[in-house]
Amino acid sequence: MAIRDPYEVLGVKKDASEEDIRNAYRALAKSYHPDLNPGDAGAESRFKDVQGAYDIVGDPKTRAKFDKGEIDASGQERPQRQYYRDFADGGGPGARHYTFRDGQNPEDFEDLNDFFAHAFGDRASRGGATPGRDVRYELTVDFLDAINGTKKRVTMPDGKALDISIPLGATDGQVLRLRGKGLPGIGGGHPGDALVALRVAPHRLFRRDGNDIHVDLPITLGEAVLGAKVDVPTPTGSVVLTIPANSNTGKVLRLRGKGVPNRRGDGHGDLYVALRVILPEKADPDLKAFIETWTREHPYEVRQSMERAR
């Protein structure tokens, strides 16, 4: 039975855009997918036709070959009369020469059987099993889950449930490959993979820079002047931080090994804590009186560098 024109199978015109072809394929694949039509031989056959058509015109390079008549609707190259002399060196004027897809030369083959097996073997394989296509998803993960790693069962937009292991130190844009979780193959072909692109949500306190974490820590005027021991959050829980006496706003303290674990799992980045001195929300008469007296008796300059910049 003749194989139908792939454009006709997908219900699109020959000048259809790539997006139109992709949308038509997705709609038909969902309608006739064997998992959604168990026991329906007609739906399975229709799904194979749709998949085969998309294999031809869903790929720009293959589509161009089909449109030029270089391959037929099954993906087979159009037969041409060829003779051994066409492949021989010095075939004379007008002789055709075989172009190797991987750049090999005829001398690379031990004998003529190897030569013809390479030349035509891939063509014969097209009639066999067809592997399933990969599917792509995006998954938004919590900031701390990306750092500490976790396991999630999530339902994707197409209704498929996937068990996903978020690795330690996962990064925004990182793609996880779930082998065999894509579209099923045809004729015994292995299924495709699910490619999950991670989108890491921002955190209200932490900012990430590579494997280091940055956080702003509010401290009181008394803690800044006298020094103190305070709790500071980290991705794995609070730890005690020693604030040196006479610490200014902007002073950065480092907690070694409290950042993001590296992908090898044998080390961590650091946590950088930037101090922010915060005055009381309500005006305090005693503090105001003290500062007025102290300022008169202990004047000092803080903007000398700005004067020099003028």
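User: Let's start with helix H2 and helix H3. How do they pack, and what does the angle make H2 relative to H3: parallel or antiparallel?
Analyst: Bear in mind that this is a predicted model. Helix H2 (residues 18-32) and helix H3 (residues 41-57) have axes 9 Å apart and pack at an angle of about 160 degrees. Angles over 145 degrees count as roughly antiparallel, so H2 relative to H3 is roughly antiparallel.

User: And which hand does the crossing of H2 and H3 have, left or right?
Analyst: The contact behind this crossing includes Ile 21, Leu 28 and Tyr 32 from H2, which meet residues of H3, among them Phe 47, Val 50 and Val 57. As for the hand, the crossing of H2 and H3 is left-handed.

User: What sort of residues make up the contact of H2 with H3, and how many are nonpolar?
Analyst: On the H2 side you'll find Arg 22 and Ala 29, among others, while the H3 side includes Glu 44, Arg 46 and Gln 51. Sorted by type, the contact has 3 charged residues and 1 polar one, and the nonpolar ones number 10.

User: How are the rings of Tyr 25 and Tyr 54 arranged?
Analyst: They form one of 4 aromatic pairs found in the whole structure. The ring centres are 4.0 Å apart and the planes stand at 10 degrees. Planes under 30 degrees apart count as stacked, so this pair is stacked.

User: How many residues apart are those two tyrosines?
Analyst: Tyr 25 belongs to helix H2 and Tyr 54 to helix H3, so to speak, with the pair linking distant parts of the chain. The separation is 29 residues.

User: Moving on, how does H3 sit against helix H4?
Analyst: H3 and helix H4 (residues 60-67) have axes 5 Å apart, at an angle of about 90 degrees. Asp 55, Ile 56 and Val 57 of H3 meet Thr 62, Arg 63 and Phe 66 of H4. With 65 to 115 degrees counting as roughly perpendicular, H3 is to H4 roughly perpendicular.

User: What is the bridge partner of Ile 213 in E11?
Analyst: Strand E7 (residues 212-220) pairs with strand E11 (residues 271-278) in the parallel sense, over 8 bridges. In E11, the partner of Ile 213 is Leu 271.

Definitions and conventions: Residues are numbered from 1 along each chain as its sequence is written. This is a predicted model: local features need pLDDT of at least 70, side-chain atom pairs count only at pLDDT 80 or more; totals for chains, interfaces and linings use all residues. Side-chain values use heavy atoms; hydrogens and water are left out. Two strands pair if DSSP finds at least two bridges between them. Helices (H or I, at least four residues) and strands (E, at least two) are DSSP runs, numbered from the N terminus. Axes are lines fitted to C-alpha atoms, for helices over the stretch in contact, and angles run from 0 to 180 degrees between N-to-C directions. Angles under 35 degrees count as roughly parallel, over 145 as roughly antiparallel, 65 to 115 as roughly perpendicular and the rest as oblique. A crossing is left-handed if the near helix is turned anticlockwise from the far one by less than a right angle, and right-handed if clockwise. Contact means heavy atoms within 4.5 Å. Ala, Val, Leu, Ile, Met, Phe, Trp, Tyr, Cys and Pro count as nonpolar, Asp, Glu, Lys and Arg as charged, and the others, Gly among them, as polar. Rings of Phe, Tyr and Trp (its six-membered ring) pair if their centres lie within 6.5 Å; planes under 30 degrees apart count as stacked, over 60 as edge-to-face and the rest as tilted.
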